[in-house]
Amino acid sequence: MRTRRGQCYPKVNMCMENYNRAVKRRVELGREQMGCRKRLKVSPEFAGKCDFFDALPDDLVLSILCKLSSTAGCPADFTNVLITCKRLNWLGLHSLVLSKASQKMLAVKAKNWSESAHRFLKLCADSGNVEACYTLGMIRFYCLQNRGSGASLMAKAAISSHAPALYSLAVIQFNGSGGSKNDKDLRAGVALCARAAFLGHIDALRELGHCLQDGYGVKQNIGEGRRFLVQANARELAAVLAATPSAALASDSWLTWNPVQHHHHLIGAGCPLLSDFGCNIPAPEPSPASQFLSDWFSIRGGNPCPGLRLCSHAGCGRPETRRHEFRRCSACGAVNYCSRACQALDWKLRHKVECAPVERWAEEEAENEPNVNGGDVDGNGNGNGNGEEAMVES
């Protein structure tokens, strides 16, 4: 075959003996990595012929697979490559490739959960993939009720500064999850939450802000707490703007300030650009781990065990590990939350219109006039200053 200039393409000169030796060495290396004792067979039609794919160096194929695993949009994008041929199968399960796996590639569906999916996540976690450590840790801790192994995997991810893992461990410390009520460690929860907040985790920023405002596990500092809440809302708004198509940005209806009418006197002078103060931004998309928890318990009837409850925030999915572990809303007592961050999100998205009938707010309007912070009051007369109901221990 000739080029446009009339020159012939250079011929590929490959010594068949060296080629066969390289292929044999590559097959033996693959068998050692996969722990496979069965001899790999070569198709008869390709026996003795040169295959240019087999001639590619392993380093080049690994580089391509690493790029694929880090950009895959779903698990199927990667598994379809693994089943293409035997070489791609054992190279695709190389520790270097699995360590680069993206969050979306590890987003296993609860309805498709199986022992093979468990083994795959375990392989990724053993390869040092922090996202796999966090996802598998959440599944083991809350779904499979293997508390020690799940907490260890989340701690492994937290050591590598994985913000969601740090925040999840903080929630465990706040609630004493997996143990008794005496196992709560509020100071440890605040420390983990502060580390996750430093890394920019929105829920951790919101949780830390409420802890400072309420004096929960840390010395009360209302001004500093409000600063963290403003920062959480600013990051939340920036994330929504980055993920929203330009066509949707042309319509600013979701940015309009539209507080509930019977709560209007409680909002105070809040900034309309911050979601905790009335901005109608879309609900944040739950993480793959939280989505797995929600789907897992939804398939099983919505209750983890008799007498235990799920967090009422739809985007959380965390269940109680013992009776009355989560705190409930002090006004209606009908909902319960694993954290103040979930309570704040669910309040602005749903619960503020369901918490109490309009008549009750009309009756309490006169009683709340002396409340200079403009916040709701709980059963003890304590205001939280953010237009949200407080929570009390169950």
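Student: How do you know that the span of helix H9 agrees with its number of residues?
Tutor: This is a predicted model, and the comparison is made on its C-alpha atoms. H9 has 13 residues, which at 1.5 Å a residue should span 18 Å. Its end C-alpha atoms are 18 Å apart, so the two values agree.

Student: Which residues of H9 are buried, and what puts them on the same side of the helix?
Tutor: Gly150, Leu153, Met154, Ala157 and Ala158 are buried in H9. Around the axis they cover an arc of only 145 degrees, which places them on the same side of H9. They pack against H8, helix H7 (115-126) and helix H10 (163-175).

Student: What follows H9?
Tutor: Ser161, whose phi is positive, near 65 degrees.

Student: What makes the phi of Gln145 worth a remark?
Tutor: Most residues other than glycine have a negative phi. Gln145 is not a glycine, and its phi is positive, near 55 degrees. The residue lies in the loop between H8 and H9 (147-159).

Student: Why is Gln145 called partly exposed?
Tutor: Partly exposed runs between the buried cut-off of 20% and the exposed cut-off of 50%. Gln145 has 44% relative accessibility, so it falls in that class.

Student: How do you know that the buried residues of H16 line one face?
Tutor: The residues in question are Ala289, Ser290, Phe292, Leu293, Trp296 and Phe297. Seen down the axis of H16, they fall within an arc of 155 degrees, so they line one face of the helix. What covers them includes helix H8 (130-143). On the other side of H16, Ser298 and Ile299 are exposed.

Student: How does the span of H16 compare with what it should be?
Tutor: H16 covers residues 288-299, and its 12 residues should span 16 Å at 1.5 Å a residue. Just after H16, Gly301 takes a positive phi of about 95 degrees.

Student: Why is Arg323 called exposed?
Tutor: Exposed requires over 50% relative accessible area. Arg323 has 54%, so it is exposed. Its place is in the loop between H16 and strand S1 (327-329). Arg323 touches Gly307 and Leu308, with residues up to four places away in sequence not counted. Arg323 and Ser180 are 143 residues apart in sequence, and their C-alpha atoms are 9.7 Å apart in space.

Student: Which class does His324 fall in?
Tutor: His324 also lies in the loop between H16 and S1. At 45% relative accessibility, it counts as partly exposed, because this value is not over the 50% that exposed requires. His324 has a positive phi of about 60 degrees, although it is not a glycine.

Student: Why is His313 called buried?
Tutor: Its relative accessibility is 10%, under the 20% cut-off, so His313 counts as buried. The place of His313 is in the loop between H16 and S1. Residues up to four places away in sequence aside, its contacts are with Tyr337, Cys342, Leu345, Asp346 and Leu349.

Student: What makes H3 roughly antiparallel to H4?
Tutor: The axes of H3 (residues 58-71) and H4 (residues 75-82) come within 8 Å and cross at roughly 155 degrees. Angles over 145 degrees count as roughly antiparallel, so the pair is given that label. The contact is made by Leu65, Leu68 and Ser69 of H3 and by Asp77, Phe78 and Val81 of H4. H3 passes H4 in a left-handed crossing.

Student: How many helices and strands does the chain have, and what share of its residues is buried?
Tutor: The chain has 18 helices and 3 strands. Buried residues make up 41% of its 394 residues.

Technical notes: Residues numbered from 1 in each chain as written. Predicted model: local features only at pLDDT ≥ 70, side-chain atom pairs only at ≥ 80, totals over all residues. Heavy atoms only, no water. Helix = DSSP H or I, 4+ residues; strand = E, 2+ residues; numbered from the N terminus. Expected span 1.5 Å × (residues − 1). Buried < 20%, exposed > 50% of the residue type's maximum accessible area, 1.4 Å probe, protein only. Arc of directions from axis to C-beta. Contact = heavy atoms within 4.5 Å. Axes fitted to C-alpha atoms, helices over the stretch in contact; angles between N-to-C directions. Parallel < 35°, antiparallel > 145°, perpendicular 65-115°, else oblique. Left-handed = near helix turned anticlockwise from the far one by under 90°.
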